[in-house]
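Me: I have a structure open and would like to learn how to read its features. Could you walk me through it, one idea at a time?

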Amino acid sequence: MEKQSPGKFAAKIRCCANDLQDHGVDKLGSLYDLTAHRLIRYAVTVTKNMSDAEDAIQATMVRIAVKPKILATAQQPWPYLLRVTRNEALRILQKRKPIQIFAQCRQLWARDSETVEENDEAQMIRKALKRLPTSQSEVVVLKIWEDMTFAEIANVLDESPNTVASRYRYALQKLDNYLRPMTHEDINV
């Protein structure tokens, strides 16, 4: 999948939002096709579970279909869509019992260890991201993969830009520690 510039991507979302408002729910598929991959990546960061992430995306699309004008008139439709997705993902997490969370995380870890399709580096990064607190990993995903500014991320997360920047800085420090290969001296200790 070719990565689009943030400006082009935002313009396509605006166009889809306007089509949805003007022509009705039949145009929801275009918005879904354009954003689903990126929204699922973000929702998995929040929920730590693919099934819950997909449920969050479905709930997001239902919300948008019911009130398309809100997305069409949003000053920044992409951050708005991310925020709706985050809210839906958090709603799903709130409904889960702690035991279910543990079981689902454990199942996800087991499934990851069986997946050999990704290269070793990609697997290490995904595992390191999963070790971060959600509040930090979602900032990393939005900053690195979505090319969002701290101000945009703050808007999505309903936090201050300073808080978001701090979470990003702490996350990068932790990721550096998680991903730093052990030195020869570490092995001999």
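Me: Leaving aside its neighbours within four places in sequence, which residues is threonine 35 in contact with?

Reply: Happy to start there, and please keep in mind that this is a predicted model. Beyond those sequence neighbours, threonine 35 touches Phe9, Ile13, Met61, Trp78 and Leu81. Threonine 35 itself belongs to helix α2.

Me: Is threonine 35 buried or exposed?

Reply: The idea is to look at relative accessibility, where under 20% counts as buried. Threonine 35 has 0%, so it is buried. Two of its contacts, Phe9 and Trp78, come back in the next topic.

Me: How many aromatic pairs does the whole structure hold, and how do I read their geometry?

Reply: A search of the whole structure gives 2. For the geometry, look at the angle between the ring planes: over 60 degrees counts as edge-to-face. The planes of phenylalanine 9 and tryptophan 78 stand at 85°, with ring centres 4.8 Å apart, so this pair is edge-to-face. Phenylalanine 9 is in helix α1 (residues 6–23) and tryptophan 78 in helix α5 (residues 77–95), so to speak a link between distant parts of the chain, 69 residues apart. Both phenylalanine 9 and tryptophan 78 are buried.

Me: And which residues form the other pair?

Reply: Phenylalanine 150 and tyrosine 168, also edge-to-face, at 5.4 Å centre to centre and 65° between the planes. Here helix α9 (residues 150–157) supplies phenylalanine 150 and helix α10 (residues 161–179) supplies tyrosine 168, 18 residues apart. Tyrosine 168 is buried because its relative accessible area is 16%, whereas phenylalanine 150, at 25%, is partly exposed.

Me: Where do charged side chains lie over a ring?

Reply: The thing to look for is a charged end above a ring face. Lysine 143 lies over the face of phenylalanine 150, 4.4 Å from the ring centre. Another case is arginine 169, whose charged end sits over the ring of tyrosine 170 at 5.1 Å from the centre.

Me: What should I look for in a helix such as α3?

Reply: Helix α3 covers residues 50–66, 17 residues in total, and reaches 24 Å from first C-alpha to last, close to the 24 Å expected. The buried residues of α3 are Asp52, Ala53, Ala56, Ile57, Thr60, Met61 and Ile64. Of these, Met61 is also one of the contacts of threonine 35.

Me: Which elements have the lowest and the highest mean pLDDT?

Reply: Helix α11 (residues 184–188) has the lowest, 38, and helix α2 (residues 28–47) the highest, 95. Over residues 101–116 the pLDDT is below 50, and this stretch has 18 contacts beyond near neighbours in sequence. Residues 182–189 are below 50 as well, with 1 such contact. For the protein, the average is 82, and 79% of the residues score at least 70.

Note on methods:
Residues numbered from 1 in each chain as written. Predicted model: local features only at pLDDT ≥ 70, side-chain atom pairs only at ≥ 80, totals over all residues. Heavy atoms only, no water. Helix = DSSP H or I, 4+ residues; strand = E, 2+ residues; numbered from the N terminus. Expected span 1.5 Å × (residues − 1). Buried < 20%, exposed > 50% of the residue type's maximum accessible area, 1.4 Å probe, protein only. Phe/Tyr/Trp six-rings, centres within 6.5 Å; stacked < 30°, edge-to-face > 60°. Lys NZ or Arg CZ within 6 Å of the ring centre and 35° of its normal. pLDDT = per-residue confidence, 0-100. Contact = heavy atoms within 4.5 Å.
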